[in-house]
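Here are my notes on the model, as numbered points. Please read them with the structure open.

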Amino acid sequence: MNSQLAQVLTALVVGVGGIWLLYWVADRLVNLLPVRAAAAVRPWVFVGPALLLLTVYLVYPAINTIVLSFRDRQGRGWVGFDNYADIFGDANGRLAIRNSVAWVIVVPVLAVAIGLAFAVLADRLGRRTEAAAKSVIFLPMAISFVGASIVWRFIYNFRPEGFGEQTGLLNAVWQGLGNDPVAWLLSEPWNNLYLMVIMIWLYTGFAMVVLSSAIKSLPVEVLEAARVDGASEWQLFWRIVLPMISSTVMVVLTTILIIVWKVFDIVFVMTGGEFGTTIVAERMITEFFTFRNQGRGAAFAVLLFVAVLPFMALNIRRFRAQEEMR
Amino acid sequence: MPTASGRRRTTRPGPARRGTALLAVLALLLAACSSDGDDTSQTAGGGGTTSGGTVGEGTGSGGTADMSGADFSLFGAPTGVEGEAMQGFIGVYNDETGANISYEGSDSFEEQLRIRVDGGNAPTVAFTPQPASICDFADAGQLASLEEMGFDIASMEANHGKFWMDLGVCADGQHYGIPWFPNYKSIVWYRTSLFEDGGYEIPETYDDLVSLSQQMVADGVTPWCFGFGSEAASGWPATDWVEDIVVRSAGTDAYTQWFRHEIPFNDPQVAEAVDRFGEIFFGDGFVLGGTENVAAIDFREAPLPLFNDEGGCAMHKQGSFIANFFPPGEEDEVSFFDFPSIDGNDAAMGGGDTLMVFDPTPEAVQAVKDWITPDWECVLASPSGGSASDLGGHGVEGVERLPGHKDVPLDCYETETARQQAEAVRDAIADNTFVFDASDLMPPAVGQGTYWTAMLDWSRGTPTEAVLTSVETSWPQS
C-alpha cells in the first residue's frame, strides 16, 4: 500500500516535473535564437510535444485500424474489401448496423426531449426544490455503463414459473396490473428499446443540466416582453425559448449521439448481443477480442469511425458558430 | 461473470466459466520413463540428480530420485482453496524428495503466462486449463516436447487417454502437453426424494432417460430444469448436452473430426445428436417454465427448483462445479448419476489441466514425470489421500481432484461423490472416451460465438438444420 502510494507520488513528481523541465529547457533554447527566428519557432516548440503525442496515440492507431480492416484475421495478408463485404453480407452484421442506427436515433432524441422537459419544468420550482430535483435526475450520470446495466438487470429480471418469485421490478409492476410475467430481454425486437432505456436514463441528466443552464442564461427582458404581449407559456416555449437555445440543443444532441455510437457495455452485459440486440460497437469488441478476428474487428471500428465523423464535424461547426456569436 | 470459481478466469471464458471442477485428480506414468531415463539426464546434463531408471520402477513413492537440485517454480491457474491444495501437494512433494519447488497461482493465468513467456521470464513448468494455448507456445519454440524429454508416448496414450494426448500435438507432429488432472461435466443431478417416492430407477441408457422423463410427466412431475443464460456467454450450457451426445452416438474419432472441422459442423451425425437432445428438450411437459424461457434463466439459478418441495423439477444436467450454487445446507437433497450411454457407448466429457515444460532441466522433467504417476495423483486427489496413499494428501479440506491416470485408486478419495465421478472419468480415460468440451476447442468465433447463438435460437424454436448450417457457414476460413 505504502509502496504503491510512493510509486504514484514519484510518478506524479517525475511526470509533471519532467514536462515542466522539458518546456523550461526548450524555452531557454529558443531564447538563444535571434529574436525573429525565436518568435517563429516558439509556437512549434510548445505545440510540438502535444502534436507528437496526438500523432502517436490518435492518428497512428486510426490509420493502423483502417489498414488492419483490409487485412486478414491475423492482420497479415491483404484481403481487400472482404471484411466489409462479410459485415454487409452477414445477417448478424446487418442487424448490428440496423440496431445501431435505431440507437442513435432513439436515445439522443428521447434523452434530450426528456432532459429539456425537466429543465423547463424545474425552472419553475423554488431554488431548493429545483436543485434537489435536478440532482436526482443527474445522479445516474455518475454510474458507469456496466454498473447501470447490472442495476437494470434487476429491473428486467424474469423467472419462469417454477423458478421462484419474480424479483424483477418491472415484472412486479406488470403482474400488479394483472398480467403474466414477461421475459423482457428475450422479447424481440422490443428488447432493443429496453436496453436503450438504460442509456436514456443515464444521459437525461446530462441533457437536463446543460439545457437548464442555457435556459437560465436567456435574457429576462425577452421573456417578459413576450408575456406582456400576451404569449401563453406554451407559445413562449416553442416560439421563444426553444429557438434561442437551439444551438445548445444541437450540441447536446450530437454529443450524446457520438457517445451512443460507441456504447457497447450495456448490450454486452445485458444480453451479450444475443436475441437480436447486437450493435456495431459490441460486434467490434467481440470480433476483435473474443473471436480474435483483427480484420473484421477493425472493419467494424472503421464503420463506427465513419459514422461518427459527420456528427463530429457538425458539432465542431456549431461550436465555432457559437464562439463567434460571443 | 461466468466464473464458477474464480480461478479459471482466462482470456477465453471457456472452461473457466464452466468451471472448474472442484474435484479433479491425478495420474501416473508408470512405465512412461523406464526405458528413457538416460535421455532425460542428457537433456540438461544436471549431474547425477536424475538417476535414470529410478522413476521407471517408481511404483513406490513415485520417484525416489534425489531432487535436492530441483529449485524452480510451477505456474498455474488455481488460487484460493484450490491454490492452497496445490501448495499442499507441492509441499508434500518437496518434503518427500528434498526438492525446493514453489507453486504460484494466478487469477489471470493465461495473460500472465503469455506476458512472462514473451518477457523472457517463462516459468519452468506451467499447467493450463486451455489446451488450445499449448501449440501457440510450442510452435514458437518455447516448449520442450515429450519426445525430447523422454516420455513414452504409447504408454501415456494408454494411461491418460489418446484424446487428451492428441490435444498437445503441434505443427511439428510432436507432443507438448502432459495430461494432469481433469474435470468432469457428464453429470445429471436429481432430487433423491422424488426418485425414491416415484420408484424411479437411475437410467442406464439415453432411451431410458427419455422414457423416465415421460413417466414423470405422466405422474405429474416436471422432469427437467434448464438454464442457458450466462450474460455474454449465454448458450454454453446447451452445447454441453450436444457434446455429451455426440461423443456417445458418433464416437471419439468423429468428435475429434468435428471440433477440428474435418467433418462439417452440420454433419448428419451432429444433426442427429441435436435432434436427440430435442427428444428431451422439446419433450411435451419436460421442461420447467417452458422451453421458450430457458434462454432467460441463468445457469446458476437453473438447479434451484431441484430443491423445491413442490412444483420444482427432478433432474438437471451440469458439471460438478454447480454444487457451489446449491442452497447451503440442502445439498443432501440431490444426488447425481452419470450421463447415460447411447447405443451402448459410455463416455465422459469435461476439461482438464495440462502440464507444459518450458525449461527441461532434468529435475523439472523428473518432477513432472512423478506428478502424473498414480501415487502422486493420489496425493493431489483429496485432503488425506484416502486409504490408498502412503504419502498423505494435499491437506486442504473440501478440495478433491479427479484422476488423470486410469490407474489412480478410487480409495484415494474421501467422499462418495468424488469416488463416483473419479470412477467414471477413469473408465473413460481407459477406453479413450474421455473428451474435452468441444466448444472450447473450436475457433472462438464458433465455440464462443455462433455455436452459442445457434443453441439459443434452437431452444427458442429455430429448426436444427437451420442453426447448424448457420454455424457451418460462420466457421472461419483458413
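1. Confidence first. pLDDT is the predictor's confidence in each residue, from 0 to 100. It matters here, as this is a predicted model. Within chain A, helix H8 (residues 190–216) of chain A has the highest confidence, at 92. Helix H14 (residues 294–325) of chain A has the lowest, at a mean of 85. For chain A, the mean pLDDT is 87. There, 99% of residues reach 70 or more.

2. The interface between the chains. On the chain B side, 25 residues are in contact with 18 residues of chain A. Which element of chain B gives the most to the side that touches chain A? Helix H19 (residues 444–459) of chain B does, with six residues. By class, the side of chain B that touches chain A holds 13 nonpolar, ten polar and two charged residues.

3. Overall make-up of chain B. Chain B has 20 helices and twelve strands. It has 478 residues, and 58% of them count as buried. Take the contacts in chain B between residues at least 6 apart in sequence: 75% of these join residues at least 24 apart.

4. Strand pairing in chain B. Strand S2 (residues 73–76) of chain B runs parallel to strand S3 (residues 102–105) of chain B, with four bridges between them. One bridge pairs Phe75(B) with Glu104(B) in S3(B). Between S2(B) and S3(B) the chain passes through helix H4 (residues 80–97) of chain B. This β-α-β crossover is right-handed. S2(B) also runs parallel to strand S4 (residues 125–128) of chain B, joined by three bridges. Leu74(B) stands opposite Val125(B) in S4(B).

5. Domains of chain B. Each domain is given as two segments: domain 1 of chain B is 20–184 + 352–436, and domain 2 of chain B is 187–346 + 442–474. Across the boundary, 13 residues of domain 1 of chain B are in contact with ten residues of domain 2 of chain B. On the domain 1 side, strand S5 (178–184) and helix H17 (416–430) of chain B each supply at least two residues. The largest share, three residues, comes from H17(B). This side of domain 1 of chain B has eight nonpolar, five polar and no charged residues.

Note on methods: Residues are numbered from 1 along each chain as its sequence is written. Chains are lettered from A and ligands numbered from 1 in the order in which they are written. This is a predicted model: local features need pLDDT of at least 70, side-chain atom pairs count only at pLDDT 80 or more; totals for chains, interfaces and linings use all residues. Two residues are in contact if their C-beta atoms, placed from the backbone, lie within 7 Å. Ala, Val, Leu, Ile, Met, Phe, Trp, Tyr, Cys and Pro count as nonpolar, Asp, Glu, Lys and Arg as charged, and the others, Gly among them, as polar. Two strands pair if DSSP finds at least two bridges between them. A crossover is right-handed if, with the strands pointing away from the viewer, the path from the first strand over the helix to the second runs clockwise. A residue is buried if 20 or more other C-beta atoms lie within 10 Å of its own, exposed if 12 or fewer, and partly exposed in between; C-beta atoms are placed from the backbone. Domain bounds come from an automatic or database domain assignment.
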